[in-house]
Amino acid sequence: MIAAIAEEATQSLILEAKDVHKWYPNGFHALRGASLQVQRGEVVVIMGPSGSGKSTFIRTFNALEDYQKGAIQFDGLPLGNDLRHIEAIRREVGMVFQQFNLFPHLTVLQNLTLAPMLVRRRSRAQAQQRALELLTRVGIAEQAGKFPGQLSGGQQQRVAIARSLCMDPRLMLFDEPTSALDPEMVREVLDVMQGLAADGMTMVVVTHEVRFARQVADRVVLMADGEVVEIAPPETFFTNPSHERTRRFLDQIL
Amino acid sequence: MGNSVTRELPPGSLQRCKDWLRKELFATRLDGLLSLVLIGSILAALFGLLRWALLQANWAVIQLNSTLLCIGRYPIEQQWRLWLLAFLLAATAGASWGLLRSCRRADRPGLLWPRNDRIAAAVLLAVCLIIPPALGLSIAIAGRWLAIAVLLMAMRWLLGRIGRRLGADAIKWFALVWPVIYLLGMVLINGGFGLTPVASAEWGGLMLTLLQASFAILLCFPLGVMLALGRRSSYPLLRWGSVIYIEFIRGAPLITLLFLGQNILGFLLPGGLAPERVWRAAWVLTIFAAAYLAEAVRSGLAAIPNGQMEAARSLGLSTAQGLQHVVLPQALRVALPVMVGQFISLLQDTTLLSLIGLMELLGTARTVMANPDFLGHYGEVYLTLALLFWCCCAALGLGSRALERRLDPHHLPNLR
């Protein structure tokens with residue numbers, strides 16, 4: 001009975017980071033034993049002051065940053081130095097960057113079809129059909145033939161989200177997706193993300209958008225100085241946090 | 001009062017011309033004086049050159065030696081092979097041209113290739129019509145040149161029509177025709193496979209120059225890209241190896257390396273394997289150019305933000321796929337002007353081969369000038385040489401600028 005419950009719990013667990021430490025080559029101790037568990041279908045928002053290691057932490061989840069101590073597992077697959085595991089995990093984990101990182105020499109449609117055709121071996125027609133579906137979903141199907149440089153920041157970030165979705169990921173990582181946007185474009189990107197969450201996508205989001213965290217997150221995480229300080233549901237996190245450090249942080253941003 | 005309506009017309013072209021002159025050249029007294037002095041000296045120089053070229057110069061030296069300057073002492077009975085090669089090249093070039101101008105734009109309706117390629121076509125036709133009679137070539141030879149030009153234009157027209165139906169992939173596949181033609185050309189020039197061999201010592205003139213330059217350009221490109229990637233690699237042996245190669249080659253003058261190559265390659269390789277002198281020189285040129293090209297590519301790679309590779313990797317692409325599809329296309333586009341600059345100086349560096357005794361364009365020209373029949377006609381020969389080199393370099397430069405515009409998504413006309 002207990003074993004069955006435990007097994008169900010591990011089955012719905014999609015990402016587990018345990019006691020992760022990272023030192024940069026210059027000796028800076030960026031992550032000091034950070035741990036996090038993400039369940040399938042859950043939206044986790046990571047907040048924290050700048051330099052707290054939240055971007056570094058989320059980037060270890062698809063091995064864009066390596067770590068020296070601890071363990072990360074994605075869907076039961078250990079994420080260490082084994083390149084085959086790393087590439088298998090990257091195929092299943094989508095990432096959206098602060099600076100969009102669209103490929104400027106390719107059209108929007110080509111940006112979306114490149115990885116499915118190369119990595120998933122889909123035919124051009126299949127990849128294009130899926131790409132157009134997703135562009136419609138993020139509301140910019142009419143821009144498919146344009147180059148990224150011809151779009152606004154908000155449109156570019158929506159293209160970047162669609163590009164990740166083209167690989168049908170099981171987990172989406174967002175690294176400050178709205179921080180490089182002009183204020184009037186933040187809403188359109190957050191709306192797309194909210195829609196994704198409503199459709200049941202598992203998401204880990206590093207952001208400063210309090211409203212988004214309150215409305216969409218299942219749990220909110222506070223990171224400070226490379227450590228996870230507090231994990232709580234949004235109501236508790238914003239109104240009645242248990243840690244002094246969280247209270248100080250909220251005082252500064254609210 | 002008549003019923004005449006006074007309408008304001010835009011100033012006529014003569015008026016605009018006057019306005020432009022006043023504004024740009026004669027705005028102040030000092031400007032005017034400067035303009036007059038400069039225009040005067042330019043006209044005087046031009047007049048002097050024309051007077052020498054038309055009245056004093058004896059162009060017989062070029063007319064009588066045009067074949068020698070073109071292909072050196074290539075045996076007469078085998079020259080049909082070179083004509084065949086010229087026809088093949090014209091057909092391939094015409095086909096590529098046609099395909100490129102039929103390309104559709106990805107971002108909006110319309111064709112990619114600029115409209116002014118008609119001017120290029122007209123210039124090419126004019127050259128093929130004017131030069132052969134000016135050189136006093138026989139009707140048969142002039143006819144062949146005309147046929148080559150007509151073939152090129154016909155292929156350009158034909159593939160321009162067909163290309164619209166073939167789509168973008170056809171161009172990628174067609175690019176593979178070029179290596180095939182190049183290898184075929186090597187066989188045609190060299191002999192073998194049933195053709196009478198022609199020793200490389202008998203190759204010469206413009207043909208040898210272009211052969212050396214194209215060989216070095218084609219091979220130094222992949223080598224240079226690999227060296228540039230090696231220099232940025234995280235694998236130390238590869239990185240150090242690339243750095244040592246690049247810095248050693250860039251630290252030595254080309255002429256030293258050429259002499260070194262002529263003398264050392266024979267000792268390094270067991271007897272019989274050492275390539276002939278022409279090929280030794282070609283390899284030295286390649287090795288030399290690759291080091292400089294690597295630095296150009298490296299500057300291009302450095303201009304591409306890390307985020308590009310991170311995005312490619314996070315989508316599941318391997319490092320090689322990320323380089324091939326994301327980083328290199330952008331980096332090479334950034335490095336293109338510098339790379340073409342390297343190619344142009346490589347073409348000009350082939351003249352150094354005359355110092356190690358190869359009969360390329362300059363070497364052939366010097367034997368012509370040493371011929372007692374043509375003593376003293378240095379001006380005519382050197383001017384011809386300069387014009388030939390200028391044409392080749394200008395073609396490279398124009399081609400690269402067209403390519404640059406075509407590859408740059410940020411300079412699309414509707415972006416402004």
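Predicted model: local features only at pLDDT ≥ 70, side-chain atom pairs only at ≥ 80, totals over all residues.
Chain A provides 29 residues to the contact, and chain B provides 24 residues. Polar interactions across the boundary comprise six residue pairs in polar contact, counted where both residues are at pLDDT 80 or more. On the side of chain A that touches chain B, the elements giving two or more residues are helix 3 (83–92), strand 6 (93–96), helix 4 (108–119) and helix 6 (153–165). The residues on this side of chain A divide into 14 nonpolar, eight polar and seven charged.

Two salt bridges are counted between chain A and chain B. In a salt bridge between the chains, B:Arg313 is paired with A:Glu87, and the closest N and O atoms of the two residues are 3.2 Å apart.

Over all chains, the count of salt bridges comes to 26. Within chain A, A:Lys22 and A:Asp66 form a salt bridge in which the closest N and O atoms lie 2.8 Å apart. A:Lys22 is buried, at a relative accessible area of 3%, whereas A:Asp66 is partly exposed, at 46%.

A further salt bridge in chain A joins the side chains of A:Arg120 and A:Glu92, with an N to O distance of 3.7 Å. Here too the pair links distant parts of the chain, 28 residues apart, with A:Arg120 in the loop between helix 4 and helix 5 (124–137) and A:Glu92 in helix 3 of chain A. A:Arg120 is partly exposed, with a relative accessible area of 26%. A:Glu92, at 16% relative accessibility, counts as buried, because the limit for that class is under 20%.

In chain B, a salt bridge connects B:Glu247 with B:Arg250, whose closest N and O atoms are 3.9 Å apart. These residues are three residues apart in helix 10 (residues 236–250) of chain B, and are therefore separated by about one helical turn. Both ends of the pair are partly exposed: the relative accessible area of B:Glu247 is 36%, and the relative accessibility of B:Arg250 is 32%. Salt bridges with shared partners also join A:Lys22, A:Arg59, A:Glu65, A:Asp66 and B:Glu310 into one network.

A:Gln157 is located in helix 6 of chain A and counts as buried, with a relative accessibility of 0%. The side chain of A:Gln157 reaches the backbone oxygen of A:Pro177 at 2.8 Å. Beyond residues up to four places away in sequence, A:Gln157 touches A:Val96, A:Phe97, A:Gln98, A:Phe100, A:Pro177 and A:Val189.

B:Leu301 lies in helix 12 (residues 277–302) of chain B and counts as buried at 3% relative accessibility. When neighbours within four places in sequence are left aside, the contacts of B:Leu301 are with B:Ala228, B:Leu229, B:Arg232, B:Val327, B:Leu328 and B:Ala331. The C-alpha atoms of B:Leu301 and B:Ala291, which are 10 residues apart along the chain, are separated by 15 Å.

B:Gly136 is found in the loop between helix 5 (117–134) and helix 6 (139–166) of chain B. With a relative accessible area of 55%, B:Gly136 is exposed, because that class begins over 50%. A distance of 9.5 Å separates the C-alpha atom of B:Gly136 from that of B:Ser66, although the two residues are 70 residues apart along the chain.

The count of disulfides over all chains is zero. B:Cys220 is in no disulfide, and the nearest cysteine sulfur, that of B:Cys393, is 15 Å away. B:Cys220 is buried, with a relative accessible area of 0%. A:Cys166 is likewise buried, with a relative accessible area of 0%.

Terms used
Residues numbered from 1 in each chain as written. Chains lettered and ligands numbered in written order. Heavy atoms only, no water. Contact = heavy atoms within 4.5 Å. Salt bridge = Lys/Arg side-chain N within 4 Å of Asp/Glu carboxyl O. Polar contact = N/O pair within 3.5 Å; in protein donor to acceptor, adjacent residues only side chain to side chain. Helix = DSSP H or I, 4+ residues; strand = E, 2+ residues; numbered from the N terminus. Nonpolar A, V, L, I, M, F, W, Y, C, P; charged D, E, K, R; others polar. Disulfide = S-S within 2.5 Å. Buried < 20%, exposed > 50% of the residue type's maximum accessible area, 1.4 Å probe, protein only.
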